[in-house]
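Please read the points below with the structure open beside you.

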Amino acid sequence: MQRYVNVSEKVAGGGLLHRRTLLGVAAFGGVAAAGKSLAAPLAVPEWSEVPGLPMSGYGQPSPFEAHVQRPVLGLYPEGTGDGAGVSFTPLEHLEGTITPNGLFFERHHSGIPEIDPTRHELVIHGLVRQPRVFTSEDLVGMPLITQTVFLECAGNSLFNSLAEPQQRSAGEIHGLIGAAEWTGVRLADLLDLVGIDPRATWILAEGADAAKQSRSIPLSKIIDGDAMVALYQNGERLRPEQGYPMRLVLPGWQGSMQTKWLRRIKLVDGPTQTKDETSKYSLSQKDGRAQQFIFEMGVKSVITRPSPGIAPTRPGLYQISGLAWSGAGRIVRVQVSADGGTSWADALLDGDARPKMLTRFRLPWDWSGEPALLMSRATDEMGAVQPTRMEWYAPWAPEQLYHQNAIQVWSVAATGEVQNVYL
Ligand SMILES: Nc1nc2c(c(=O)[nH]1)N[C@H]1C(S)=C(S)[C@@H](COP(=O)(O)O)O[C@H]1N2
Ligand SMILES: [Mo]
């Protein structure tokens, strides 16, 4: 049941209002400024005078939304041609929790292979009773399941691991994450078909790209787990960028294990120690040792509105909006601070908080026009609380950039300009 309070009850410093404050929509600064009185007569624009464009086989966003793009960042110098890089989900331009397929972040180690699905095969072999080969059409004909979950790169937010705060958009800092409704075959069902040798404890999953990205995955994530071979993303076949015609989805675990263009699964009796889990995706500690096989993504949140480039224009009421998630399960609480963490207010979680899925949070904010420090702090159902940057940093060596889940601090200047700052 929702409880609404009638008066604007200030529940924390910096103008944060109770999350159930009942506010007429006209009270909000942006809305009041946007509305204007009706001037007679109502004009007839040119698009109302003639029939519009014809139907189309595959719809595209409005050309007036053409600025909503994935920022692309090649990790290696132009022209080296190895296809390694990332593009970010533009989080600050999106609402709700589902990432549109065309804006889902990308991380490729060797570009996007152009795969003819009639020639692509998935081999399952190793410690099995009977090795088998599957086409994507074989898989489409099997019992399918659907899971709506986020997928986050272990390198997400790594800019905030650097010594100086980077001035980039919310998406460019935190957008190596996307969430989708994935449909495919339970990996446990496929392994049932080949028959698991009791000596098998891990699998090796390998992609069909030139990088042959390969990772070791413990069998426990598959047997009685939620691992799946996804074929569809938000209702349509996977995009080439997301692994067409098939990819692994391992809810809550780091993106790099969720092998795209999946072509081989080998059942083995221990981790394979591939290049993608030794030289990369292992975490350097202060004491000189490294931690391997950190699978689960930590509890995290970020305010997407306001954020750099999405600034309040004048003092008044605004709705703070952001995303929270955890690889361990559901988000149970998001707190927001407008005074740099001195005081906190509980945000309203929008809709159902689903396990291992993005959760939208919102909170009304009465901005006085004074400089503010906006932060959000998420808690998951296991009781894990998002750390501050200093807390997050404590165990790691300076070169350790992965699994950065620290609280983001946005400073809002009197002009409304929003910047990334460290406290
Ligand atoms: N075959 C293959 N699988 C891959 C990769 C790759 O380069 N090749 N990148 C991995 C990494 S590091 C991440 S974060 C996710 C990114 O998935 P996306 O591009 O669909 O967002 O795919 C993973 N699977
Ligand atoms: Mo990644």
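1. The largest nonpolar core has 35 residues, and those that touch the most other members are Leu-16, Val-336, Trp-365, Leu-374 and Trp-410. A nonpolar core is a set of buried Ala, Val, Leu, Ile, Met, Phe, Trp, Tyr and Cys residues joined through side-chain atoms within 4.5 Å. Buried means under 20% relative accessible area, with over 50% called exposed and anything in between partly exposed (1.4 Å probe, protein chains only).

2. Elements that each supply at least two residues of this core include α3 (170-174), β9 (177-186), β20 (331-337) and β25 (409-412). β19 gives the most, with five residues. Helices (H or I, at least four residues) and strands (E, at least two) are DSSP runs, numbered from the N terminus. The core draws at least three residues from each of domain 1 (121-285) and domain 2 (300-421); the domain bounds come from an automatic or database domain assignment.

3. A second, separate core has 34 residues, among them Leu-127, Leu-187, Trp-202 and Leu-219.

4. The model is predicted: local features need pLDDT of at least 70, side-chain atom pairs count only at pLDDT 80 or more, and totals for chains, interfaces and linings use all residues. Residues are numbered from 1 along each chain as its sequence is written, chains are lettered from A and ligands numbered from 1 in the order in which they are written, and side-chain values use heavy atoms, leaving out hydrogens and water.

5. In a regular strand the side chains alternate between the two faces of the sheet. Are the faces of β10 buried or exposed? Both are covered: Trp-202, Leu-204 and Glu-206 on one side are buried, as are Ile-203, Ala-205 and Gly-207 on the other.

6. β10 (residues 202-207) runs antiparallel to β11 (residues 214-218), joined to it by five bridges, and pairs in the antiparallel sense with β15 (residues 262-268) over six bridges. Two strands pair if DSSP finds at least two bridges between them. Glu-206 stands opposite Ser-214 in β11 and opposite Arg-264 in β15. Six residues lie between the strands of the β10 and β11 hairpin, where Lys-212 takes a positive phi near 50°.

7. His-174 lies in helix α3. Why does His-174 count as buried? Its relative accessibility is 1%. The His-174 side chain makes polar contacts with the side chains of Ser-157 (2.8 Å) and Gln-408 (2.8 Å). A polar contact is a pair of N or O atoms within 3.5 Å; within protein, one must be able to donate a hydrogen and the other to accept it, and residues adjacent in sequence count only if both atoms are side-chain atoms.
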